[in-house]
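Please read these notes with the model open beside you.

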Amino acid sequence: MNRNITDGLNFVSKLTFIRIWNAGKVVSSYFYSRLSGKASLPGLPISISIEPTTSCNLRCPECPSGLRSFTRPTGMLKQGLFEKVIDELSPTLSYLIFYFQGEPYLHPQLLDMIAYASHKGIYTATSTNAHYLNDEMARKTVESGLDRMIISIDGVDQETYSSYRVGGKLSKVIEGTRNILKWKRALKSKTPHVIFQFLVVRPNESQIDQVYKLANELGVDEVALKTAQIYDYKNGSDLIPVNEKYSRYKKAENGSYEIKNKLLNHCWKMWHSCVITWDGKVVPCCFDKDAHFVLGDLNEKSFKEIWNQKKYQHFRQSLLHSREEIEICKNCTEGTKVWT
C-alpha cells in the first residue's frame with residue numbers, strides 16, 4: 001500500500017465521534033465567520049503545536065533559535081503543564097505537533113510526553129534535525145507511538161547541507177534516519193511516517209532531484225519541499241532561490257522583493273490551531289516566533305478559558321477586518337487556503 005495512504009489511514013483510525021463533531025463545528029464556523037465578517041468559534045482546536053524547548057544545537061541563519069535572537073526566555077516545557085493541557089483537550093484534539101522553535105530531542109522527557117499523548121489516541125508529530133537519533137533513542141522513538149517524524153535535510157552533501165544547517169553534520173542526519181527506519185522494521189511498526197523536509201534555498205535548489213533519490217535509497221516515506229521564510233527579504237537575499245517556484249517572494253519591477261501571498265482578510269489557522277510555548281503562553285500561530293501576541297497563559301487559566309475569551313475573539317475579528325495591519329501576518333504564506 002502507498003505509504004502516504006497508510007499514514008492517512010492511521011490518522012483516520014484515531015478519529016472519534018467527538019473529534020469529528022468538533023472538527024465539523026470548527027470548519028463550519030470558519031466559513032460562517034468569513035461570510036458574515038463576525039468571528040464565531042464554538043469548537044476547540046483540531047490541532048495544536050506545543051514547544052518542548054527553544055534550545056537548539058544548530059545555528060541556522062533564518063531561525064531565532066539558531067541566531068539566539070529571542071527576546072523571550074529559553075527553557076524546557078514542564079511535563080506537568082503538558083499533561084494538564086492534554087488531559088483537557090484530548091477528547092476533541094486530533095493532531096498534536098511537538099515542535100515550534102528549538103530542537104525537540106534536547107528535552108529529556110520528550111518521548112515520555114509523546115507516549116502520553118499517543119496513549120490518549122492523539123495523532124502525534126515532531127520535527128527534528130536528527131542529530132540525537134542514536135540507536136537507543138531511535139528505538140524508544142518508535143516505541144513511543146510517534147505517528148509522524150519530519151527530518152530536516154537541506155542538502156545531499158556536507159558543504160551544501162551546512163551552508164544553511166550551520167554546525168550540523170549530514171552524516172548524523174543519515175545515521176539517525178537509518179536508525180529510525182531500522183527500528184520500524186525490527187519492531188514491525190508502521191509508525192512513525194518519516195518525511196525528509198527539504199528547505200529550498202539558493203545553495204541547494206539544484207539538489208532537489210537528488211534528495212528524492214536519497215530518500216528512495218534509504219526507504220524514507222515521503223519528501224516535502226518547503227519554501228524558506230526570509231526576515232529581511234525586500235532587498236533580496238542570497239537564500240532566495242533563483243527558481244521563483246520555490247520562493248515565497250517575487251521580484252517587483254523596481255528590483256525589490258515582495259511576498260507572493262495576498263494578505264486576504266481571513267486565516268484558517270486562527271480557527272483550527274494555535275501554538276503553546278514551553279512556558280505555557282498561548283500564541284496565535286507559528287509565525288509569532290517571539291511570542292509578541294500572547295493571548296493567554298496556561299499557568300493562570302484553562303485552555304478553554306483562553307480559547308473562548310474576548311481577547312482571542314478580538315484577535316480573530318481583527319484578521320477578518322484588516323489582516324495586513326497585524327505584524328506577524330506581513331511575512332506569512334498562510335491564509336489563502338483552508339487546509340494547509
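1. Strand β5 covers residues 193–200; strands (E, at least two residues) and helices (H or I, at least four) are DSSP runs, numbered from the N terminus. Eight of its eight residues are buried, so β5 is largely enclosed by the rest of the structure. Buried means under 20% relative accessible area, exposed over 50%, and partly exposed in between (1.4 Å probe, protein chains only).

2. This is a predicted model: local features need pLDDT of at least 70, side-chain atom pairs count only at pLDDT 80 or more, and totals for chains, interfaces and linings use all residues. Residues are numbered from 1 along each chain as its sequence is written, and side-chain values use heavy atoms, with hydrogens and water left out.

3. Which residues of β5 point which way? H193, I195, Q197 and L199 point one way, and V194, F196, F198 and V200 the other; all are buried.

4. β5 pairs in the parallel sense with strand β4 (residues 148–152) over five bridges, and with strand β6 (residues 222–227), also parallel, over six bridges. Two strands pair if DSSP finds at least two bridges between them. V194 is the bridge partner of M149, while Q197 stands opposite A224 in β6.

5. The largest nonpolar core has 90 residues, and F82, L96, F98, F196 and W271 have the most contacts inside it. Such a core is a set of buried Ala, Val, Leu, Ile, Met, Phe, Trp, Tyr and Cys residues joined through side-chain atoms within 4.5 Å. Helix α8 (residues 170–186) gives the most to this core, with six residues.
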